[in-house]
Amino acid sequence: MEITGEERILAPRFLVWQALNDPETLRRCIPGCQEIEQRSPTELSATVKLKIGPVSASFKGDVTLSNIQAPESYRISGEGKGGIAGFAKGYADVVLVEDGEETILRYQADAQVGGKLAQLGSRLIGSTSQKLAHQFFADLNAAITERTPVDEP
């Protein structure tokens with residue numbers, strides 16, 4: 001299933017890039033994130049608890065950053081296992097475009113699920129995935145703009 005979108009963030013691109021690479025910011029913004037650990041500059045592990053339709057599960061997974069073109073773009077790939085609930089794996093290509101003092105964050109993601117999650121049907125999985133992606137980027141936007149000093153007139 002493919003997910004695409006964009007978020008306009010009232011902050012310079014380098015600040016958005018820093019936030020996207022900060023484990024604490026990611027922990028606060030990833031829906032259901034219980035913990036996140038940076039193992040190297042390009043590898044993270046995380047535990048995320050989610051409810052998708054009637055299925056609740058805690059997913060443990062690994063995330064890898066690749067195709068890094070700092071501070072413009074990268075690919076984030078991951079795979080998580082949720083025990084009996086199944087698994088999820090996929091990637092997202094993230095691009096940051098400067099627009100004056102703002103940054104346009106564009107993303108294109110592809111995900112696959114298996115196990116009980118796959119039995120829920122593509123419509124429910126697709127709408128939930130879109131909602132979670134939108135929530136993450138909205139929360140990221142809020143976290144960045146909270147940290148960014150606002151210019152006074």
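Predicted model: local features only at pLDDT ≥ 70, side-chain atom pairs only at ≥ 80, totals over all residues.
Local features here need pLDDT of at least 70 and side-chain atom pairs count only at pLDDT 80 or more, while totals for chains, interfaces and linings use all residues. Residues are numbered from 1 along each chain as its sequence is written, and side-chain values use heavy atoms, with hydrogens and water left out.

Student: How many disulfides does the structure hold?

Tutor: A disulfide is a pair of cysteine sulfur atoms within 2.5 Å. The sulfur of C33 lies 9.8 Å from the closest cysteine sulfur, in C29, so the two are too far apart for a bond. The number of disulfides is zero.

Student: Is C29 buried or exposed?

Tutor: Buried means under 20% relative accessible area, exposed over 50%, and partly exposed in between (1.4 Å probe, protein chains only). C29 has 3% relative accessibility, so C29 counts as buried.

Student: What distance does helix α4 reach from its first C-alpha to its last?

Tutor: Helices are DSSP runs (H or I, at least four residues), numbered from the N terminus. Helix α4 covers residues 122-147, which is 26 residues. The expected span is 1.5 Å times one less than the number of residues. That expectation is 38 Å for α4, and the model comes close to it at 37 Å.

Student: Which residues of α4 make the contact with α1?

Tutor: Nice one! Contact means heavy atoms within 4.5 Å. L15, V16, A19 and L20 of α1 meet, on α4, L140, I144 and R147.

Notes:
Helix = DSSP H or I, 4+ residues; strand = E, 2+ residues; numbered from the N terminus.
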